[in-house]
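Here's a quick briefing for anyone meeting this structure for the first time. Take a look at the sequence and the model, then read on.

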Amino acid sequence: MSPQTTFLPGASFMRRHFSPPSLPAPFGRYHHAALAEGPQRLLVLSGQLGIRADGTIPEDVETQTQLILDAIDACLAEAGMERRHVLRLTTYLTEIDYRAAYMKVRDAWAPDPAPASTLLVVKALAQPACKVEIEAIAAG
């Protein structure tokens, strides 16, 4: 989907939805990110999956997690933000046994102080080969 900027009547901010061109296209009718711009800026990211630019999905959790964090970095950059602006991560794993591999990559990526974080184990994700999905909220 192409970027869209809208002004909500009565709101004190502009809303911009976008999907960085470096990321795979969304799988449905949504954008990878929505940015509210006003006196303060709030960026809300859709759940990101570990999918390569060519559409392939790596088997291992570490590579999937790194691809996701790279996608989050791309969305942050598109919004003029950095990792230090991330307030919250919500992560979905399909197996609790993936936790250590995920945490190793996430902890190397996370700024200091680390953002608020929630980790959930779910039965499956929208793309069956994916083992990790991460949502993020940033402000700046």
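In this predicted model, Glu 59 is exposed, with a relative accessible area of 61%. Glu 59 pairs up with Lys 131 in a salt bridge, and their closest N and O atoms are 3.0 Å apart. Lys 131, on the other hand, is buried, at a relative accessible area of 14%.

**Salt bridges**

- Glu 59 sits in the loop between E4 and helix H1 (61-78), while Lys 131 sits in the loop between strand E6 (116-121) and strand E7 (132-139), so this pair ties together parts that are 72 residues apart in sequence.
- How many salt bridges are there? The count comes to six.
- Another one links the side chains of Arg 84 and Glu 82, at 2.9 Å from N to O. Arg 84 counts as exposed at 59% relative accessibility, and Glu 82 counts as partly exposed at 45%.
- Asp 107 and Arg 106 also meet through their side chains, with 2.8 Å from N to O. Here Asp 107 is partly exposed at 44% relative accessibility, whereas Arg 106 is buried at 9%.

**Strands E2, E3 and E4**

- Strand E2 (residues 14-18) pairs with strand E3 (residues 33-37) in the antiparallel sense, over five bridges. In this pairing, Arg 16 stands opposite Leu 35 in E3.
- E3 also runs antiparallel to E4, and five bridges join them. Ala 34 faces Val 44 in E4 across that pairing.

- Leu 42, Val 44, Leu 87 and Ile 137 make a nonpolar surface patch of about 290 Å².
- Leu 42 belongs to strand E4 (residues 41-49). Leu 42 is partly exposed, with a relative accessible area of 37%, which is over the 30% that a patch residue needs.

**The cavity inside**

- There's one cavity of 30 Å³ or more, and the space in the largest cavity comes to about 90 Å³.
- Which residues line the largest cavity? Among them are Pro 24, Phe 27, Tyr 30, His 32, Ile 51 and Ala 71.
- Gly 47, Gln 48 and Leu 49 are in the lining too. E4 gives the most to the lining of the largest cavity, with three residues.

Note on methods
Residues are numbered from 1 along each chain as its sequence is written. This is a predicted model: local features need pLDDT of at least 70, side-chain atom pairs count only at pLDDT 80 or more; totals for chains, interfaces and linings use all residues. Side-chain values use heavy atoms; hydrogens and water are left out. Patches are made of residues with over 30% relative accessible area and no salt bridge: like charges are joined within 9 Å, nonpolar side chains (Val, Leu, Ile, Met, Phe, Trp, Tyr) within 5 Å. Accessible areas come from the Shrake-Rupley method with a 1.4 Å probe; for residues, only the protein chains shown count as cover. A salt bridge is a side-chain nitrogen of Lys or Arg within 4 Å of a carboxyl oxygen of Asp or Glu. Helices (H or I, at least four residues) and strands (E, at least two) are DSSP runs, numbered from the N terminus. Buried means under 20% relative accessible area, exposed over 50%, partly exposed in between (1.4 Å probe, protein chains only). Two strands pair if DSSP finds at least two bridges between them. On a 1 Å grid over the protein atoms alone, a cavity is a set of points where a 1.4 Å probe fits but cannot get out, and a pocket is an open set with protein on both sides within 12 Å along at least five of seven lines; lining residues have an atom within 4 Å of a point. Grid points are joined across faces, edges and corners, and a volume is the space filled by probe spheres set on the points.
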